[in-house]
Amino acid sequence: MREYIGKGALRHDGIEKVTGQAEYLGDIKLNGMLYAKIKTSPYAHAQIVSIDTSKAEALPGVRAVLTGRDENVMVGLYMVDRWAMAAEKTRYYGEVVAAVAADTQEIADRAAELIEIEYMPLPPVLDVREAVKASSPQVHENSEVYDYIKGVFHPEPGRNIANRTKVRKGDVDAAFLRADVVIEHTYEQPQVFHLPLEPHGTIVQWGAGDKVKIHTSAQSPFAVRDLFAHGFQLPRSKVEVNVPYVGGGFGGKAGIHMEPLVGMLSKRCGGRPVKLIPTREEECATFPCRQGLVARVKTGATKDGKIIAEEVEYLWDGGAYADYGVNISRAGAVTACGPYDIENVKVDSVTVYTNKIFGTAYRGFGHPEVFFGIERQRDLLAKELGMCPVELRLKNLLMPGAHTITGELITEHTGRVDKCLKMVAEKLNVGQDYTPEEKAEFQKTGKYRAKAAAVLQKSPAMPTWSASSAVVHMNEDGTVHITVGGVDFGQGTYTVLQQIAAERLQIPIEKIVMAPGVNTDMSPYDWQTVASRMTVLCGNAVCEACDDLTEQLLEMGSIVLRASKHEVALGDECVYVKQNPQYSMPYSKICMGYTYENGNAIGGPIIGRGKSIAQGLTNLDPETGQGKTALDWTYGAHAIEIEVDTHTGDIRVVDMASCLDVGRVMNEAMVHGQMIGGVLQGLGTTFSEAVYYDGEGRLLTRNLTDYKIATFKDMPEKLEICCVETPQLDGPYGARGIGEHPLIAITAVIANALANATGAEMYDLPLSADRVRAALAKE
Amino acid sequence: MRQIHLTVNNEKYQVYCPEHITLLTLLREHLHLTGTKEGCAAGECGACTVIFNGKAANACMVLAPEANGAVVETIEGEAKDGVLSPLQQSFIEHHALQCGFCTPGMIMSARALLDANPAPTRDEIKEAMEGNLCRCTGYEPIITAIEQAAGGERGA
């Protein structure tokens with residue numbers, strides 16, 4: 001037996017990517033292709049009084065000018081509330097109001113400038129706390145007509161509330177009365193950009209007979225197909241979505257984006273393909289971002305540190321549209337109190353409309369935001385009680401036998417957050433005080449060090465029915481092609497699927513090839529490439545497909561070798577007779593059928609198929625939030641040591657350890673890759689990343705200078721990655737999803753360390769030098 | 001329109017193009033060398049890094065007429081006769097790429113660094129590469145890949 005799980009394999013797409021051969025959306029050119037440009041709103045909230053497109057239309061080379069008043073379509077993954085273009089009013093700065101298709105990009109750009117739009121500005125709704133009040137101006141006047149998934153989401157029309165998910169467990173009011181200590185804090189986080197290096201690009205060709213071909217930089221080809229077809233009332237079979245290499249997504253390329261708009265342009269141009277590549281400024285202003293969050297957390301505990309009550313109100317800044325983001329408030333409710341065993345819980349998690357960029361899925365899907373407040377709150381509670389924060393956590397963590405706040409039973413197979421926490425806390429000696437000499441040095445230099453630890457959890461937030469499938473074809477020479485409907489946009493899923501197939505089929509991994517892109521006409525279905533669900537769900541589908549292939553090889557082998565099926569086995573890329581291994585038949589002789597000497601042939605091409613769907617998930621009870629939503633829970637913890645320069649407010653990460661209970665390490669280097677990358681993204685969110693607007697709601701951060709992500713120079717000085725392996729019963733080889741988790745709780749662990757170093761308690765992000773310095777000045 | 005002569009990956013080209021386009025557009029749209037990526041078109045992300053007269057440069061910040069007579073190396077010239085360079089090989093072996101969109105620019109920046117400094121320290125690597133953004137890898141594997149490639153190219 002060769003082992004393909006664990007140590008792992010090199011990336012399946014390395015050669016294409018290091019040579020520049022990998023073809024991304026921007027590299028595709030089609031015959032007759034036109035170029036699109038969008039015209040966006042300069043106001044956060046405004047009535048569209050008039051649009052004059054005559055000058056743009058008169059420009060030579062312009063093939064179509066489209067406004068929301070000519071033709072429009074409504075889309076949305078969970079909440080169908082978003083038009084392809086604003087028609088009556090604009091709801092955020094950067095919203096598309098019109099679009100152009102022209103012979104060249106230059107002509108399209110010029111034509112967009114020539115479109116004249118008269119607006120009547122309306123008061124913008126910019127603060128979720130104001131927006132949620134009944135007296136607030138409405139972002140959506142007629143939201144009661146919007147379609148949404150009934151029973152799962154709970155909008156409150158007439159107010160700026162697109163969803164409210166409630167969790168009710170025990171009796172919080174009584175528990176607060178019993179508590180020895182009650183603390184309450186409010187934590188605020190701004191919106192954040194995904195910032196994939198590749199912007200969202202799309203080419204659509206709306207051909208004759210309404211046959212539509214879409215090439216798009218998307219995480220979820222089948223969701224694009226589904227929502228496009230649904231929006232335009234087309235059969236799914238007439239919409240073909242092709243996804244080439246994708247240059248990063250982080251959630252931002254899930255759901256559907258400009259495909260409907262570009263489709264309408266193509267239709268207007270007699271079916272010529274139209275390409276839209278947004279500029280970086282458009283990518284920032286027009287495409288969705290991560291939601292902001294205002295979190296109020298009230299916690300009651302006994303004096304020995306047992307948390308007995310928690311009341312949480314999450315106001316999610318959903319921006320102008322709830323589309324996909326409405327599910328984040330639901331996910332935020334399920335995870336609302338973190339991986340803690342708390343008997344009395346009351347949660348209200350609310351998606352609020354504002355006149356800002358709309359929110360969507362972002363790596364962690366609400367959890368990085370929730371954990372800033374929750375893990376800050378744990379340290380603040382420990383301080384109030386005079387306890388070690390690590391001990392306080394260990395006293396309250398979910399252990400086998402406990403129930404989550406939504407009533408899900410934790411078993412010995414669920415994963416062990418306590419082991420993760422102990423491991424990182426020990427590695428960094430969290431809790432150990434500095435020596436008097438070190439402390440004297442801190443005082444002398446004004447550079448104070450401190451440590452902290454925090455825990456994390458996440459499960460996929462997806463519909464109960466979200467499914468994956470896989471097809472495994474054996475080629476004439478016994479090599480294998482695998483096609484799936486999920487996308488590898490860098491996270492390494494395909495390499496792991498290759499490893500799974502190599503292990504399952506006992507075929508050298510070099511002989512297993514992943515089809516590089518996804519095409520919905522040719523690839524098997526997958527719901528979406530999101531939620532860290534691919535290794536588990538698509539991995540299980542590949543297992544089943546390989547087993548199906550194996551059965552067929554055994555069957556053909558047994559016929560050709562004249563043995564019963566139970567008497568043959570697979571090995572060394574052959575079917576052989578167990579009793580007489582010298583009687584064997586290589587795969588290559590039977591995988592396309594077997595031909596006898598006289599010419600008779602039997603069998604035929606061998607194709608394995610597999611599918612998977614999460615078992616036993618339920619919707620949440622609308623009143624109590626009880627139910628089972630988790631495919632798997634991945635737990636983890638971070639420990640950190642920072643140095644704060646009290647003169648400048650700069651924070652340096654001196655040392656760090658991160659640990660996840662991954663179930664089973666499938667590919668060590670790739671686990672490390674996801675974890676190091678996720679941690680750094682978390683450091684960006686902590687130190688520099690924030691979407692800023694002026695007082696009128698006009699976006700200020702529109703480029704990579706004003707919006708800074710972490711660079712080579714922002715790496716932690718030391719970062720140790722470790723894993724706990726508590727096998728997931730229904731995960732392939734025991735594995736769980738880990739793609740999103742590393743950046744959860746990073747903000748909190750640093751803010752906690754900052755408080756330990758300087759006494760400055762920060763309740764909002766980012767912890768940029770100027771804001772830290774201002775907080776220190778207040779101390 | 002303007003006539004521009006330039007050498008790209010040891011091949012001589014003569015291009016007629018508008019004067020105001022960038023070297024990036026010239027490479028991608030006129031020479032169809034799409035390995036060089038556009039991430040921001042403002043010199044902020046490094047995805048379009050090429051070697052321009054021996055030095056790493058953002059192709060989006062060079063006007064096409066400035067490239068007249070220039071010697072340019074792009075990602076397409078890094079592998080020779082279908083064989084990956086040690087730097088490319090090292091990127092694969094050390095998992096120094098995920099989505100791959102920043103990778104051509106990363107490799108060209110690293111190539112310029114190694115050409116000028118065959119034995120860079122980790123700090124020198126960070127300094128030289130700082131203008132190249134990556135949202136996936138966390139940079140650590142890229143530094144390791146460049147370090148190891150440097151050793152390999154020196155025969156260490």
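## Terms and basis

Helices (DSSP runs of H or I, at least four residues) and strands (runs of E, at least two) are numbered from the N terminus. The model is predicted, so that local features need pLDDT of at least 70 and side-chain atom pairs count only at pLDDT 80 or more, while totals for chains, interfaces and linings use all residues. Residues are numbered from 1 along each chain as its sequence is written, chains are lettered from A and ligands numbered from 1 in the order in which they are written, and side-chain values use heavy atoms, with hydrogens and water left out.

## Where the two chains meet

In this model, 48 residues of chain A are in contact (heavy atoms within 4.5 Å) with 46 residues of chain B. The area buried between chain A and chain B, that is, the accessible area (1.4 Å probe) that the two lose on being put together, summed over both, is about 3,900 Å², and carbon and sulfur atoms give 63% of it. On the chain A side, A:V18, A:L197 and A:F712 lose the most area to chain B, together 22% of what that side buries.

A pocket is an open set of points on a 1 Å grid over the protein atoms alone, with protein on both sides within 12 Å along at least five of seven lines, whereas a cavity is a set of points where a 1.4 Å probe fits but cannot get out; lining residues have an atom within 4 Å of a point. Grid points are joined across faces, edges and corners, and a volume is the space filled by probe spheres set on the points.

The largest pocket has a volume of about 1,200 Å³, and of its 43 lining residues, A:Y35, A:Q105, B:T25, B:E29 and B:E38 are the closest to its centre. Two or more residues of this lining come from each of β1, α3 and α8 (280–285) of chain A and from α1 (23–30) of chain B, and α1(B) gives the largest share, five residues. The lining divides into 14 nonpolar, 12 polar and 17 charged residues, where Ala, Val, Leu, Ile, Met, Phe, Trp, Tyr, Cys and Pro count as nonpolar, Asp, Glu, Lys and Arg as charged, and the others, Gly among them, as polar.

The second largest pocket holds about 770 Å³ of space and is lined by 35 residues, with A:I651, A:T711, A:K713, A:D714 and A:M715 nearest its centre. At least two residues of its lining are supplied by each of β31 (634–645), β32 (651–661) and α17 (668–687) of chain A and by α4 (122–129) of chain B. By class, this lining has 14 nonpolar, seven polar and 14 charged residues.

## Cavities

A search of the whole structure finds 11 cavities of 30 Å³ or more. The largest cavity has about 620 Å³ of space, and its lining is made of 41 residues, of which A:Q491, A:S532, A:Q674, A:G739 and A:E740 lie nearest the centre. The elements that give two or more residues to this lining are α14 (493–505), α15 (534–560) and α17 of chain A, and α17(A) gives the most, with three residues. By class, the lining of the largest cavity has 20 nonpolar, 16 polar and five charged residues.

About 140 Å³ of space lies in the second largest cavity, where A:R82, A:W83, A:A84, A:Y92 and A:M258 are the nearest to the centre among 15 lining residues. Both β6 (82–83) and α7 (259–268) of chain A supply at least two residues of this lining, which has 11 nonpolar, two polar and two charged residues.

## The buried side of helix α3

Helix α3 (residues 105–114) of chain A has A:A108, A:A111, A:A112 and A:L114 as its buried residues, where buried means under 20% relative accessible area, exposed over 50% and partly exposed in between (1.4 Å probe, protein chains only). They lie on the same side of α3(A), because they cover an arc of only 155° around the axis, taken from the directions from the helix axis to the C-beta atoms. The buried residues of α3(A) pack against β1 (34–40), β2 (46–52), α2 (54–58), β3 (62–67), β8 (96–102) and β9 (116–121) of chain A.

## Backbone details in loops

A cis peptide bond, with omega about 0°, joins A:L765 and A:P766, and A:P766 lies in the loop between α18 (746–758) and α19 (769–778) of chain A.

Although A:R562 is not a glycine, it has a positive phi of about 55°; A:R562 is found in the loop between α15 and β25 (568–571) of chain A and is exposed, with a relative accessible area of 77%. A:Y733, also a residue other than glycine, has a positive phi near 55°; A:Y733 lies in the loop between β33 (720–724) and α18 of chain A and counts as partly exposed at 24% relative accessibility.
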